[in-house]
Amino acid sequence: MGRITDILNGTRSEERGALMPFVTAGYPDIETTGAILSGLDPSWADIIELGIPFSDPIADGPIIAASMHEALQAGVRPGHVFELVRSIRADIPQGLVAMVSTSIVERSGAVGFIEEAARAGFDGLIIPDVDLDRVDEILPTIDAHEMAFSLLVAPSTTDARLESILPRCRGFIYMLARAGL
């Protein structure tokens, strides 16, 4: 089922929760991002969420938005993030999940983006703003690479939407604790 499922099954069997810290790729620079990823202690960081910078992260709050803006200003692009992950993946025992906007995925070609993410060493994707109608087109590629895939569930999510989201998630569900930032 993939590394993320294995990690979560392991934490469940140990009767403990899992921690997934967030890091903005390319902030303050790509080299420091590599050092941060390599330096996260696997005794407390089970899975790492690596945010691929995009231009309008309004739902992420001002600190993450500022870090993404600075990374973009420095020229960080998805290809740089894939190259970084590929170069350090063997040194990172934790699961690695990319948080990425659907605009980046679609611009790159969804299937090609997913395949490149898997080749780089990502174990999963969170695409928070993907249209549910598009998800069924990308799930075969996600499943072929045994990647986790998560959609967001908000406090305001209706039962009907939840019934549509849950079967499309792989590995875990990204549940927001509260509405807003």
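Q: Contact means heavy atoms within 4.5 Å; by that rule, which residues is Gln 94 in contact with, leaving aside its neighbours within four places in sequence?
A: The partners of Gln 94 are Arg 3, Ile 7, Leu 40, Asp 41, Pro 42, Ala 45, Asp 46, Ile 47, Ile 48, Arg 89 and Asp 123. This is a predicted model, in which local features need pLDDT of at least 70 and side-chain atom pairs count only at pLDDT 80 or more, while totals for chains, interfaces and linings use all residues. Residues are numbered from 1 along each chain as its sequence is written, and side-chain values use heavy atoms, with hydrogens and water left out.

Q: What makes Gln 94 buried or exposed?
A: Buried means under 20% relative accessible area, exposed over 50%, and partly exposed in between, with a 1.4 Å probe and protein chains only. Gln 94 has a relative accessible area of 2%, so it is buried. Gln 94 sits in the loop between α4 (78-88) and β3 (95-99).

Q: Which backbone atom lies 2.7 Å from a polar atom of the side chain of Gln 94?
A: That atom is the backbone oxygen of Leu 40. A polar contact is a pair of N or O atoms within 3.5 Å; within protein, one must be able to donate a hydrogen and the other to accept it, and residues adjacent in sequence count only if both atoms are side-chain atoms.

Q: What does the side chain of Asp 46 reach at 2.8 Å?
A: The side chain of Asp 46 reaches the backbone nitrogen of Leu 19 at that distance. A polar contact of 2.8 Å also joins the side chains of Asp 46 and Arg 16. Asp 46 lies in the loop between α2 and β2 (47-51).

Q: How do you know whether Asp 46 is buried or exposed?
A: The relative accessible area of Asp 46 is 7%, so the residue is buried. Beyond four places in sequence, Asp 46 touches residues including Ile 7, Thr 11, Gly 17 and Gln 94.

Q: Why is Phe 149 called buried?
A: Phe 149 has 0% relative accessibility, and therefore counts as buried. Phe 149 belongs to strand β5 (residues 148-150). Among the residues that Phe 149 touches, not counting those up to four places away in sequence, are Leu 125, Ile 127, Val 130, Cys 169 and Phe 172.

Q: How is Gly 79 classed, and what is its relative accessibility?
A: Gly 79 has 45% relative accessibility, so it counts as partly exposed. Gly 79 is in helix α4.

Q: Why is Ile 64 called partly exposed?
A: The relative accessible area of Ile 64 is 23%, so the residue is partly exposed. Ile 64 is found in helix α3 (residues 61-73). Ile 64 touches Phe 22 and Thr 24, not counting residues up to four places away in sequence. From C-alpha to C-alpha, Ile 64 and Tyr 27 are 9.8 Å apart.

Q: What makes Glu 15 buried or exposed?
A: Glu 15 has 75% relative accessibility, so it counts as exposed. Glu 15 lies in the loop between α1 (3-13) and β1. Although Glu 15 is not a glycine, it has a positive phi of about 55°.

Q: Where does Glu 146 lie?
A: Glu 146 is in the loop between α7 (132-144) and β5. Glu 146 has a phi near 50°, a positive value in a residue other than glycine.

Q: What kind of peptide bond joins Tyr 27 and Pro 28?
A: The bond is cis, with omega about 0°. Pro 28 lies in the loop between β1 (22-24) and α2 (30-39).

Q: How many helices and strands does the protein have?
A: There are eight helices and seven strands. Helices (H or I, at least four residues) and strands (E, at least two) are DSSP runs, numbered from the N terminus.

Q: How do you know how compact the protein is?
A: The radius of gyration of the protein is 16 Å, close to the 16 Å that the globule rule gives for 181 residues, so the protein is as compact as a globular protein of that length. That radius is taken over C-alpha atoms, and the globule rule is 2.2 Å times the number of residues to the power 0.38. Of the 181 residues, 45% count as buried.

Terms used
Contact means heavy atoms within 4.5 Å.
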